[in-house]
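I wanted to look up how strands pair and where nonpolar residues gather.

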Amino acid sequence: MKKVALIAALLVTAPPSLADERLRTYHSLKLANAGIAVPLSLPALARYGQLDVQPSGGVHTNIQPILAYDSNLNGGVPHEKVDINGLEFTVPVKDQAVSGLKAGLVASVGGQYQFSRGHRVSGAIIARYEHALSHDLSNRSVNVNTCYHYDSPDWSYAEACLNTGRSRGELSQTTTRSLRVNWGKVLDVGHFPSTIQFGVSRTDSTDAHYDQLHMTYKTNTEKMTFEAGIATKLRSEGFSEDHSGYFAITRPVLGRPISATLRHSQSSGSKFLGLPRKEEKTALSLIVPMSSSLSLDLSFAKTRSNLDYFRKQEFGANFVWRRF
């Protein structure tokens, strides 16, 4: 290692980047080791197991206002009439989906503590409250998560995360608990580095209990980040996803980092009025920064089902204050 170049690089504040932080840090360190003075972040090097550290940590809090449009504020049925096995039923008005604007707040407390080289824990509590502006409808949720992370000096990593959440709307109340364990590795292939990650998860919710196997691949280029992932169900009880996959890309458009994600899933595992239920869902989301502190998040999802009752299209538009 050429110490002069590396020390010079560490004294430079790294500029904002679209790239994944782990991959960006790996690539910058590789260049520094080759004698090229490039921006490096000391906190990032410590976080990914490249530096000896003293035990330290920090806590952050945030409150964000919510202003959004939702095509299904109450989680209702988006039909006035449905056909079930050749019989037509009228959906009660109180169970039909309603759309409109909603406002509210998201409050969070989070932090992390690094207790030795490569070893750290993180956690967060997030509470959300929303109320419709034109209807007497409200939704509230609380989510708690905690993770243990290990980052090896050879750029492999592992993490185990526990998550529990509870949400309550006008027509439903859901409790979800999950455990997920991941292992990943930075791959030094091609001009830009990549990561491949494998994981297994267990989820217990109000309506289902299931295990899944996950795989994720991520890579950076000079201006873009690509990410793709798949998941498959190992075993389940109740209605849950059998298979899912997604592709995400982040790149600058007119000087702003635009992120787009396309996701598709197939689900089954339960019956409705004695009939087996199967679904396919395709969703597209777009994150458009309006400024350094405000972004517009757009989403569209279409659900195709063998049962008319569950077929629907949903649209959402959210103004998200990143800094407030």
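**Entry: model.** I noted that this is a predicted model.

**Entry: β11 and β12.** In which sense do β11 and β12 pair? I found them antiparallel, with eight bridges. β11 covers residues 225-238, and β12 covers residues 240-253. I looked up A228 and found F247 of β12 as its bridge partner. I then checked the link: a hairpin of one residue takes β11 into β12.

**Entry: β12 and β13.** How many bridges join β12 to β13? I recorded 13, again between antiparallel strands. β13 spans residues 256-272. I looked up A248, and its bridge partner in β13 is T261. Two residues sit between β12 and β13 in their hairpin. In that turn, I saw that L254 has a positive phi of about 55°.

**Entry: largest nonpolar core.** I listed 11 residues here, including L23, Y26, W155 and V186. Which elements give two or more residues to this core? They are α2 (21-33) and α3 (42-47). α2 provides the largest share, four residues.

**Entry: Y48.** Y48 belongs to the largest core. What does Y48 contact beyond its neighbours within four places in sequence? I wrote down E21, R22, T25, R120, D151, S152 and W155. W155 is also a member of that core.

Terms used. Residues are numbered from 1 along each chain as its sequence is written. This is a predicted model: local features need pLDDT of at least 70, side-chain atom pairs count only at pLDDT 80 or more; totals for chains, interfaces and linings use all residues. Side-chain values use heavy atoms; hydrogens and water are left out. Two strands pair if DSSP finds at least two bridges between them. A nonpolar core is a set of buried Ala, Val, Leu, Ile, Met, Phe, Trp, Tyr and Cys residues joined through side-chain atoms within 4.5 Å. Buried means under 20% relative accessible area, exposed over 50%, partly exposed in between (1.4 Å probe, protein chains only). Contact means heavy atoms within 4.5 Å.
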